[in-house]
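Take a walk through this fold, starting from a sheet and the helix that covers it. The chain as a whole comes last.

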Amino acid sequence: MATNVSKEQAASARCADLYDFLVQYYDFNFKHEGDSIRPVDNHSISIKKGYNGYKDFATKETGNSIDFLIKHMGFDFINAVQALSDVPASAISQPVDTSQQDGIENVPPQFPEPVNGRYKNLFAYLKSRGISTETIQMLVGQKKMYQEKSRNNIVFINMEKDFAELRGTYTFGKPFHGIVPNSRHDGFWWFRTSKNAAKAYICEAAIDAISLYELHKIQGEQEEAYYISIAGVAKQPAIDRLKDSKLDIVLAVDNDAAGQKCRDRNSELEYILPINKDWNEDLQALNRNQNAAG
């Protein structure tokens with residue numbers, strides 16, 4: 001168990017009404033059947049209204065609300081506790097202490113300590129992904145990202161200091177990608193090209209947001225805009241929060257099945273598609289073509 005979440009807080013989150021949470025934030029992923037819901041991609045799982053768990057009738061697997069978010073929604077433990085803290089508790093033998101729920105909401109993110117010195121891994125990794133030194137220096141200078149001391153991950157931190165995305169810098173295997181514990185569950189990372197920016201491009205990851213900016217710069221299409229990462233295409237609460245802003249929202253999520261689901265459930269929004277799976281793949285392809293031609 002994570003050291004910055006108490007047993008009492010975790011117990012409270014386990015007893016949250018899973019049905020209410022999923023209907024409020026992820027209704028598009030579920031099919032309603034009476035007083036129960038089932039994932040559209042796994043009809044054997046059932047979540048019943050008023051209960052704090054689920055059952056998979058195919059595998060006989062059962063679990064509480066936290067278990068479901070971790071095993072079937074891609075949450076980590078800390079973010080699952082934080083997300084469920086807003087949901088009324090049910091199916092519990094004793095009343096829930098709501099002051100503990102408030103405590104979860106008020107726990108600030110624990111941002112990693114930055115490395116003391118040059119961000120060698122950060123520069124090397126981002127340059128290997130086709131991002132220019134000029135852009136890296138710009139974002140480091142704006143304190144929008146840094147290299148952490150203990151694991152050399154890149155920390156993409158927002159100006160509000162309530163959310164940060166993590167990216168591993170090792171080039172072998174699949175790079176680590178995560179969120180700093182206790183980050184705001186509808187939070188996002190962003191940078192902008194102008195204080196007068198009115199357009200906002202919503203991407204799945206910070207690397208993609210930076211890559212889209214790089215593509216616009218290379219193609220001479222620079223504009224006054226926000227480049228945003230929600231750190232996961234399933235983060236509808238972050239998209240909903242951005243919809244409530246006065247910005248002109250453009251979905252710029254991946255060109256894959258998960259990205260299409262996101263476009264479908266936000267069909268009122270304008271969108272753009274990368275040629276390949278994501279904007280970083282497009283950026284690297286463009287750089288390769290330019291190098292071959294030059």
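Five strands make up an open sheet, ordered 1-2-3-4-5, with antiparallel pairing. Two strands count as paired if DSSP finds at least two bridges between them. Strand 1 (30-33) and strand 5 (62-64) are the edges, each pairing on one side only. From one strand to the next, the twist averages 25 degrees. The model is predicted: local features need pLDDT of at least 70 and side-chain atom pairs 80 or more, while totals for chains, interfaces and linings use all residues. Residues are numbered from 1 along each chain as its sequence is written, and side-chain values use heavy atoms, leaving out hydrogens and water.

Strand 4 (residues 53-56) and strand 5 run antiparallel, joined by three bridges. Here Y54 stands opposite G63 of strand 5. Helix 3 packs on this sheet and touches strand 1, strand 2 (36-39), strand 3 (45-48), strand 4 and strand 5. Its direction makes about 115 degrees with that of strand 5. Such angles run from 0 to 180 degrees between N-to-C directions, with axes fitted to C-alpha atoms, for helices over the stretch in contact.

Now the helix itself. Helix 3 spans residues 65-73, and S65, I66, F68, L69 and M73 are buried there. Buried means under 20% relative accessible area with a 1.4 Å probe, protein chains only. Seen down the axis, the buried residues of helix 3 fall within an arc of 165 degrees, so they line one face of the helix. The arc is taken over directions from the helix axis to the C-beta atoms. At the start of helix 3, a side-chain oxygen of N64 comes to within 3.0 Å of the backbone nitrogen of I66.

Move on to strand 7 (residues 154-157), where V155 is found. Is V155 buried or exposed? V155 counts as buried because its relative accessibility is 0%. Leaving aside residues up to four places away in sequence, V155 touches P112, K144, M145, Y146, E148, A164, E165 and L166. A contact means heavy atoms within 4.5 Å. L166 lies 11 residues from V155 in sequence, and their C-alpha atoms are 4.9 Å apart.

Step back to the chain. It has 11 helices and 14 strands. These are DSSP runs, helices (H or I) of at least four residues and strands (E) of at least two, numbered from the N terminus. Of its 294 residues, 50% count as buried. Among contacts with a separation of 6 or more, 59% involve residues 24 or more positions apart.

Note on methods. Polar contact = N/O pair within 3.5 Å; in protein donor to acceptor, adjacent residues only side chain to side chain.
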